[in-house]
Each structure stands twice: as C-alpha cells, then as structure tokens.
Amino acid sequence: MIKISQEVKQLLNSQTLCFEWLRSKKEDVKPPTYDKYEMIINNYLISFFDHNSLEQLNINIIKEYLMKLLNKGLSSSIVQSIKNVLKAIYITYEDQYGLNHIDFSLVKIEQDKKENEYLTDKQFNQLHQYCMKEKNDICLSILLAMDTGMMIGEICALKVSDIDLDKQLIHISKRTQRIKNDEEGSKTVYDIYEVEWPILRDITIPKELFFYLQEYLKDKESDCYLTSHLYVVSEVTKLQRGLDRIGSKYGFKTTFKDLRNMYKERCLKSCMDMNILMELLGVQSLKLNLPENYKSSNEEKKRQVNKL
C-alpha cells in the first residue's frame with residue numbers, strides 16, 4: 001500500500017477533497033447537475049470521508065458504505081449517483097497523488113424495479129382520446145409527449161412562435177431546467193437554456209395533433225409560452241400532477257418520461273427508420289431493451305431474417 005505523507009493527508013482532508021473537486025466542475029456542468037453534486041457531497045460524502053482515510057480506502061469499504069445507504073431506504077438511482085461522484089473525486093486525486101487504484105466497476109448497484117408500467121394499448125388510447133377532447137395546457141402537454149416524444153423540459157420551453165402550422169413543424173431550440181434560487185428563498189426555480197444539436201431540431205406534427213393545435217392556438221400571443229399562455233414557463237410538477245389526475249380516472253399511473261419512451265416503442269414497432277427516429281427524439285443513440293420473457297415464433301424470425 002502506498003504511504004501518503006502527512007502534508008498530502010492534510011491537503012486532502014474531506015473538505016478540501018470534495019469542495020475543490022466541486023469547484024472545478026462549476027463551469028463544466030449545467031446548474032442542476034452542479035446542485036446535485038453539491039447535495040451529494042454535503043449530505044453523504046463529507047461524513048463518509050470523515051470516517052475513512054484515503055490511504056485505507058478500498059473496494060470493500062465503498063461497497064459496505066453504499067449497501068448501508070441502500071438498506072436505509074435510499075433509492076438505487078441516488079446511491080448510483082453517490083457512487084459516481086465518489087468515483088470522480090477519488091480518480092481525480094488518484095491521478096494527482098498516486099493513490100491505490102480502485103476498480104469502481106466492481107461495485108454493482110441493483111436498480112429498483114420500475115413502479116410504473118407502460119400503458120396497455122387500451123389505456124394509451126383512453127388517455128389520447130380524453131386529451132384530444134380537452135383544449136387545455138395539461139392535455140396539450142400530454143399529447144406532445146405521446147405524439148412527438150418530446151421531453152417535458154422541451155414542452156415547457158416551447159413558445160407559440162415555435163409552432164409552424166404552415167410547415168407542420170415544431171421547432172425545438174430551448175429546454176427548461178430547475179436551478180437553486182437561494183436569493184428568493186425558494187428551493188428551485190425554472191431556468192431556460194439554449195440547446196445544441198442533436199436536441200436542436202424540428203419535429204413533424206402528426207395529423208391529429210395538427211388539427212388540435214389549430215384550435216388551441218387561436219388568439220394566443222406568439223411570444224407567450226405554449227403551455228402557460230404567459231411570459232413565464234409552466235412548472236413541470238403542475239403538468240405531472242395534471243397527468244396523474246387524468247390517469248387516476250382510468251386506474252393507471254404514468255409519467256411524461258414514460259410517454260416519451262412509449263412513443264419510441266411505437267415508432268420502432270412501425271419499423272420507422274432508426275436515423276429519423278433518433279433525429280425526432282433528439283438523441284445520437286438508442287438504448288433498446290428486450291421485453292421480459294419475449295419469445296418470437298420460428299416463423300417470425302425466419303420472416304425477419306429473410307428481409308435481409
């Protein structure tokens with residue numbers, strides 16, 4: 001084991017280690033990511049480093065700590081984030097001061113099972129038909145997620161002027177994000193930022209949604225935000241609560257992220273060109289999952305193979 005001098009130990013106490021790394025990320029990451037790093041350091045890693053010296057840190061200590069957090073009831077996604085920040089901090093100082101190498105890939109965080117299942121075809125159609133009949137911000141937001149695969153942050157950032165009915169296009173150039181607002185005493189506020197390719201894109205408006213938007217946009221000011229009718233954006237939590245209320249009418253629960261993923265699945269089932277799908281979603285790659293217990297017939301496999 002490498003011996004670390006007392007001078008280096010003093011330099012790398014928990015406060016210095018964590019907060020110097022955090023400061024180095026200030027200009028590199030978006031405000032919500034920075035706030036998340038800061039929360040993880042303040043709530044978890046400071047106490048971790050107070051009880052664990054750098055020269056003794058090893059894979060077993062890290063595994064034990066993360067398992068303790070899981071057993072306390074923290075979600076696997078939060079624990080995974082803690083692991084990622086811990087890894088990033090340690091690697092920074094490992095490189096600089098020659099600390100013992102730790103293979104963080106050996107620490108596996110089992111993901112929580114998803115509580116929300118994708119909607120059945122019947123539930124999907126019920127939700128879609130309900131929203132098509134109601135001309136309001138909640139239903140429009142839901143339809144945009146269902147029919148275009150837009151992210152909720154993109155939906156909130158849309159202005160009326162971003163809808164081009166003549167060309168039947170939606171122009172996406174901005175996204176909302178939640179950031180800390182210490183000055184006004186509020187936990188978070190919504191900020192709007194410009195996006196770049198591949199998020200910067202134009203989306204084709206499907207026929208049903210086109211007719212809906214024709215009615216919805218009547219008498220709307222072009223500089224207002226689409227889902228608030230004001231010069232300030234809608235809150236994501238408000239739109240999700242609206243989706244929850246509608247879902248409760250039909251006995252299901254879903255999220256805007258789920259609706260986006262269902263759009264992706266529907267496009268894949270329709271054999272949409274993969275490049276076009278990625279362009280519509282604003283991504284450079286797609287993660288595909290085989291449905292649990294999926295098994296096609298030999299005839300279907302043969303039919304698909306013979307398409308080549």
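## Close-up views of a predicted model

**View 1. Q123 in helix α6 of the predicted model.** Q123 is buried, with a relative accessible area of 19%, where buried means under 20% relative accessible area, exposed over 50% and partly exposed in between, with a 1.4 Å probe and protein chains only. Q123 lies in helix α6, helices being DSSP runs of H or I with at least four residues and strands DSSP runs of E with at least two, numbered from the N terminus. The C-alpha atoms of Q123 and G247 are separated by 8.9 Å, although these residues stand 124 residues apart along the chain. This is a predicted model, in which local features need pLDDT of at least 70 and side-chain atom pairs count only at pLDDT 80 or more, while totals for chains, interfaces and linings use all residues. Residues are numbered from 1 along each chain as its sequence is written, and side-chain values use heavy atoms, with hydrogens and water left out.

**View 2. The crossing of α6 and α10.** The axes of helix α6 (residues 121-133) and helix α10 (residues 236-250) come within 10 Å and cross at roughly 120°, the axes being lines fitted to C-alpha atoms, for helices over the stretch in contact, with angles that run from 0 to 180 degrees between N-to-C directions. That angle makes α6 oblique to α10, since angles under 35 degrees count as roughly parallel, over 145 as roughly antiparallel, 65 to 115 as roughly perpendicular and the rest as oblique. On the α6 side Q126, L127, Y130 and C131 meet L243, I246, K249 and Y250 of α10, a contact being heavy atoms within 4.5 Å. By class, the contact of α6 with α10 has six nonpolar, one polar and one charged residues, where Ala, Val, Leu, Ile, Met, Phe, Trp, Tyr, Cys and Pro count as nonpolar, Asp, Glu, Lys and Arg as charged, and the others, Gly among them, as polar.

**View 3. The surroundings of C156.** C156 is found in helix α8, which covers residues 152-157, and with a relative accessibility of 0% C156 counts as buried. Leaving aside residues up to four places away in sequence, C156 touches T176, Y225, T227, V233, S234, V236 and L239. One of these partners, S234, is 78 residues apart from C156 along the chain, yet the C-alpha atoms of C156 and S234 are separated by 5.8 Å.

**View 4. The pair α3 and α4.** Helix α3 (residues 31-50) and helix α4 (residues 59-71) have axes that come within 12 Å and cross at roughly 140°, and that makes α3 oblique to α4. The crossing of α3 and α4 is right-handed. Y44, L45 and F48 in α3 meet I61, I62, Y65 and L69 in α4, so that by class the contact of α3 with α4 has seven nonpolar, no polar and no charged residues.

**View 5. The pair α11 and α12.** The axes of helix α11 (residues 256-269) and helix α12 (residues 274-281) come within 11 Å, crossing at roughly 165°, which makes α11 roughly antiparallel to α12. In this contact R260, Y263, K264, C267 and L268 of α11 meet M274, L277, L280 and L281 of α12, and by class there are seven nonpolar, no polar and two charged residues.

Terms used. A crossing is left-handed if the near helix is turned anticlockwise from the far one by less than a right angle, and right-handed if clockwise.
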